[in-house]
Amino acid sequence: MKSPINHHNNANKSSYKRLNIIIVGCGKVGCSLLHELNKEGHYITIIDKNAAKVQSLVNMYDIMGVTGNGASYSVQMEAGISDADLFIAVTNSDELNLLCCTVASRTAKCSAIARVRTPDYSEEANYLKDRLNLAMIINPELEAAREVARILYLPTSLEVNTFAHGEAEIVKFKVPSDSMLNGMKISDLNKHVPTQFVISAVERDGEVILPTGEFIFAEDDLVSFVATRQGARNFLKKTGFKTNQVKDTLIIGGGTFGYYLAKNLINYGISVKIIESDMERCEELSILLPKAVIINGDGTDEELLKEEGIEYVESFVPLTGIDEENIMLTLYANNVSDTKVVTKINRINFKDVISNLDLGSVVYPKHITAEAIVAYVRGKSNSTGNTIETLYHLFDSTVEAIEFKVDGASDVTNIPIMNLDIKNDLLICFINRNGTIIIPNGKDVIKAGDSVMIVTKHSGFNCLNDILNT
């Protein structure tokens, strides 16, 4: 293991362009986007048919609001589409979102992003994006399903996020009392783990630390580390964790999310059983997923869950439309079995209470949507040759993991990392050079054409130069 570069200096953040952004749809995803983009200092106008909701959000944030149909030319003009840099449609209707973006892109020169969830449209996403001149099509359920699938492929993890087109991962796990890591210093890990990795962050007693080699692990630490995909499995295996994927999964709820997840798991040879209360949907799923077992019934019924193997199944994913039901099903599963459980939560209310329930792996689909769009917005906000490829918020958004593409020479290129004046609370975790993942030491340099992944407690980085004290 090479020691990661961890500098402790202070600096001012580089300047960036504040964008004029219009958001259509003030549901869960729209509000999450509004919160994140407002926090980053952009000028925002919202459009929604619900006048009370628009007024409430206008009163809560320093933004503009328009009540009306977001696909209407006159409503978009009232919202300032002529001066907009970005138009985002995240209503509950795929068709309306696509229509909104079509009107916007033909009315103004702004970029347009549409939320599209229907499987039929998602399979044609590239075609729609090209033909409708969209900057991005985002599918929260599909992306969240992929995240859940990654966790079930590596079930000892709490979170698995990918970088470098799947070549690198950041994996989060909890240190058990009987783990060899308990009481071990990070710098001693290389004696036991013959693979390259970076311990990127540790949460202990509610405090998040970007550790040095002198840090000593303790029981119940929540640890994130970065490695190649194979290196992540080697790390976990050598430190005493199981690395085999689950053999079977019981999913409660056969909606769009459940369909996407089942399809992902079946492709990896994992047996899938879905309990769905709507008979008509069961018939649809039996055609869409011929290799899955579809059960028509109430997934919250204790007897049915036992009958369908809740006590013996290797993984369990409650995907009802109600957060409280998902949480209760998770707690029930943890009480009657040792199954790996992943809980989907749509709202962020009562986050402190939820975190104290020890639900294990928790997935927030709307956060995934917000991260993808924030990454695009930050890239659009900077004028350098460094764009954001990937962005994740970790440890309840106290840490950001960002992958930058280095398109050309800059203040951080062709200089040994140890000679760069880098901000405090920041780790350079890997350099991706032509598909080869490099865990850097102080002598390594960043070159044009690389992508570079950092983990930082700072927020709002728009380009790689932001890592420098300037």
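By class, the lining of the second largest pocket has 20 nonpolar, eight polar and 13 charged residues, where Ala, Val, Leu, Ile, Met, Phe, Trp, Tyr, Cys and Pro count as nonpolar, Asp, Glu, Lys and Arg as charged, and the others, Gly among them, as polar. This is a predicted model, in which local features need pLDDT of at least 70 and side-chain atom pairs count only at pLDDT 80 or more, whereas totals for chains, interfaces and linings use all residues. Residues are numbered from 1 along each chain as its sequence is written, and side-chain values use heavy atoms, with hydrogens and water left out.

The lining of this pocket comprises 41 residues, of which Leu142, Glu143, Arg146, Arg150 and Thr162 lie nearest the centre of the pocket. Its largest share, seven residues, is supplied by helix 7 (residues 140–153); helices (H or I, at least four residues) and strands (E, at least two) are DSSP runs, numbered from the N terminus. The volume of the second largest pocket is about 1300 Å³, a volume being the space filled by probe spheres set on grid points that are joined across faces, edges and corners. A pocket is, on a 1 Å grid over the protein atoms alone, an open set of points where a 1.4 Å probe fits, with protein on both sides within 12 Å along at least five of seven lines, and lining residues have an atom within 4 Å of a point.

A nonpolar core is a set of buried Ala, Val, Leu, Ile, Met, Phe, Trp, Tyr and Cys residues joined through side-chain atoms within 4.5 Å, and buried means under 20% relative accessible area, exposed over 50%, and partly exposed in between (1.4 Å probe, protein chains only). Leaving aside residues up to four places away in sequence, Ile88 touches Ile21, Ile22, Ile23, Val24, Leu33, Leu37, Ile113 and Ile373, a contact meaning heavy atoms within 4.5 Å. In soluble globular proteins, nonpolar side chains tend to be buried together.

The structure also holds ten aromatic pairs, a pair being formed by rings of Phe, Tyr and Trp (its six-membered ring) whose centres lie within 6.5 Å, with planes under 30 degrees apart counted as stacked, over 60 as edge-to-face and the rest as tilted. Two of these pairs are set out below.

| Pair | Distance between ring centres | Angle between planes | Arrangement |
|---|---|---|---|
| Phe163 and Tyr392 | 5.2 Å | 85° | edge-to-face |
| Phe225 and Phe235 | 4.1 Å | 25° | stacked |

The pair of Phe163 in strand 8 and Tyr392 in strand 19 (residues 386–394) links distant parts of the chain, 229 residues apart. Phe163 is buried at 1% relative accessible area, and Tyr392 also counts as buried, at 13%. In the other pair, Phe225 belongs to strand 12 (residues 222–228) and Phe235 to helix 8 (residues 229–238), ten residues apart. The relative accessible area is 0% for Phe225 and 0% for Phe235, and Phe225 and Phe235 belong to one aromatic cluster together with Phe173, Phe197 and Phe241.

Helix 8 holds the buried residues Gly231, Ala232, Arg233, Phe235 and Leu236, and the buried residues of this helix pack against strand 9, strand 10 (198–204) and strand 12. Gly240, whose phi is positive, near 95°, follows helix 8.

Positive phi values also occur in residues other than glycine. His165, with phi near 55°, is found in the loop between strand 8 (159–163) and strand 9 (168–174), and is exposed, with a relative accessible area of 75%. Asp425, with phi of about 50°, lies in the loop between strand 20 (399–406) and strand 21 (426–433), and counts as partly exposed at 26% relative accessibility.

Strand 21 contains Asn432, which counts as buried at 10% relative accessibility. Apart from residues up to four places away in sequence, Asn432 touches Ala164, Ile437, Asp450 and Ser451, and the C-alpha atoms of Asn432 and Val452, 20 residues apart along the chain, are separated by 6.2 Å. Leu210, in the loop between strand 11 (207–209) and strand 12, is buried at 7% relative accessible area, and its C-alpha atom is 7.3 Å from that of Leu426, 216 residues away along the chain.
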